[in-house]
Amino acid sequence: MARFGSLSLFLWSCIIINAASPAQAQAATSPTSTVSMLSKTDPLNTLLLQGFNWESAKSSSPWYNLLKGIVDDAAEAGITDVWFPPPSQSVAPEGYLPGKLYDLDSSYGSEQQLKDAVNAFHQKGIGIVGDIVINHRCGTKKDDKGYWCVFEGGKGDGSLDWGPWAVTVNDKPYACGSGQTDTGEDFTGAPDVDHTNTKIQQDLSEWMNWLKSNVGFDGWRFDFVKGYAGNLVGGYIQNTTPKFAVGEMWDTDRQKVVDWVHSTGDRASAFDFPTKGILQDALKSNDLSSLKDSDGKPAGMIGILPQKAVTFIENHDTGSTQNIWPFPSDKLLQGYAYILTHPGIPTIVIIFYTFFLRYLRLIKVDIIFS
């Protein structure tokens, strides 16, 4: 029990049992349901799995096939929804520098392999969240100034074919744009898209609706939402009616994260970066008093807007091989115990998944023979 620190094995057993409660298990194994559980906010009925890390695109086998291979285990573990990597062709293998958005042959596998994996999860009633990277976009050709600001959709019919007019004016370092002023922070890795343009809003909404109908995505995870205004994110959600949407609003100030949610018209949830930061600092210092605010509520986003908070311990940026803001490796059990027993929608990253499943099976055996 000592290796669990201040949280006991009993607490860990309880959270695993809760994560695979009978009601949830029934939803997860139903062959006919394709309804994402993420439309619900009860953490005991919702468990999100991030189905990739920063190295997944470099897998020797197509990653989509590997995901398809864990479907039965995911259903057994009580996973209700899986967050898939960015689906489109990308300059960077991880998918976060997308170019031809309609081209779904990526480093993770082919379009057909993607569809097969999504369908396999749907057969178990598990919803799929697509990673939507639209703050910026990589061109496929240079414009007359020598910038990569001519974009092709990948469909061959002109869909999502844009020129420099689609890039925000005074974008740095891509001084090719003739669009409106950026409504958010600069992203230096690729030209920033002018989301105030109604043509762009229409094109991207059509593409996202195509992802729903052609692939089967149930919800969205919006990448780098600091890059464009929250009301524009809300517009895309309104235009595409996902069962769930969450934004990567990377900020440790919980009020700023909550304000961003409100700016979307409360259509989006947000990853609870404040809770991650407070929790990992508390566990590092062995001082758990910081987990409560002055009103006795959780100090993170879950303390003031739990129904819109998506909690997590690690993701492809903070952990994995990027290790930008890692959770202490010797405190992972306590961290997951916390988010799995507190308000919000908890997320398990795939690098922790096999460990989680192993403990689930051990505890199930213990229950059967006790």
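Visitor: Which residues in H6 meet which residues in H7?
Guide: Contact means heavy atoms within 4.5 Å. From H6, the residues are Ile200, Gln201, Leu204, Ser205, Met208, Asn209 and Lys212, and they meet Leu232, Tyr236, Asn239 and Thr240 in H7. By class, this contact has five nonpolar, five polar and one charged; Ala, Val, Leu, Ile, Met, Phe, Trp, Tyr, Cys and Pro count as nonpolar, Asp, Glu, Lys and Arg as charged, and the others, Gly among them, as polar.

Guide: A word on sources: this is a predicted model, in which local features need pLDDT of at least 70 and side-chain atom pairs count only at pLDDT 80 or more, while totals for chains, interfaces and linings use all residues. Residues are numbered from 1 along each chain as its sequence is written, and side-chain values use heavy atoms, with hydrogens and water left out.

Visitor: At what angle do the axes of H6 and H7 cross?
Guide: Two packed helices are described by the angle between their axes and the distance between the axes. The axes of H6 (residues 198-215) and H7 (residues 230-240) cross at roughly 45° and come within 9 Å. That makes H6 oblique to H7; angles under 35 degrees count as roughly parallel, over 145 as roughly antiparallel, 65 to 115 as roughly perpendicular and the rest as oblique.

Visitor: How do H5 and H6 cross?
Guide: Their axes come within 10 Å and cross at roughly 70°, so H5 and H6 are roughly perpendicular to each other. H5 contributes Glu111, Leu114, Lys115 and Val118 to the contact, and H6 contributes Trp210, Asn214 and Val215. Four nonpolar, one polar and two charged residues make up this contact.

Visitor: Is phenylalanine 121 buried or exposed?
Guide: Buried means under 20% relative accessible area, exposed over 50%, partly exposed in between (1.4 Å probe, protein chains only). Phenylalanine 121, in helix H5 (residues 111-123), counts as buried because its relative accessibility is 0%. Leaving aside neighbours within four places in sequence, its contacts include Leu67, Ile70, Val82 and Ile128. Isoleucine 70 is 51 residues from phenylalanine 121 in sequence, and 9.1 Å from it in space, C-alpha to C-alpha.

Visitor: What do the buried residues of H9 pack against?
Guide: They pack against helix H8 (254-263), strand E6 (269-271), strand E7 (309-312) and helix H10 (332-340). Among these buried residues are Phe273, Leu279, Ala282 and Leu283. After H9 comes asparagine 286, with a positive phi near 60°.

Conventions. Axes are lines fitted to C-alpha atoms, for helices over the stretch in contact, and angles run from 0 to 180 degrees between N-to-C directions. Helices (H or I, at least four residues) and strands (E, at least two) are DSSP runs, numbered from the N terminus.
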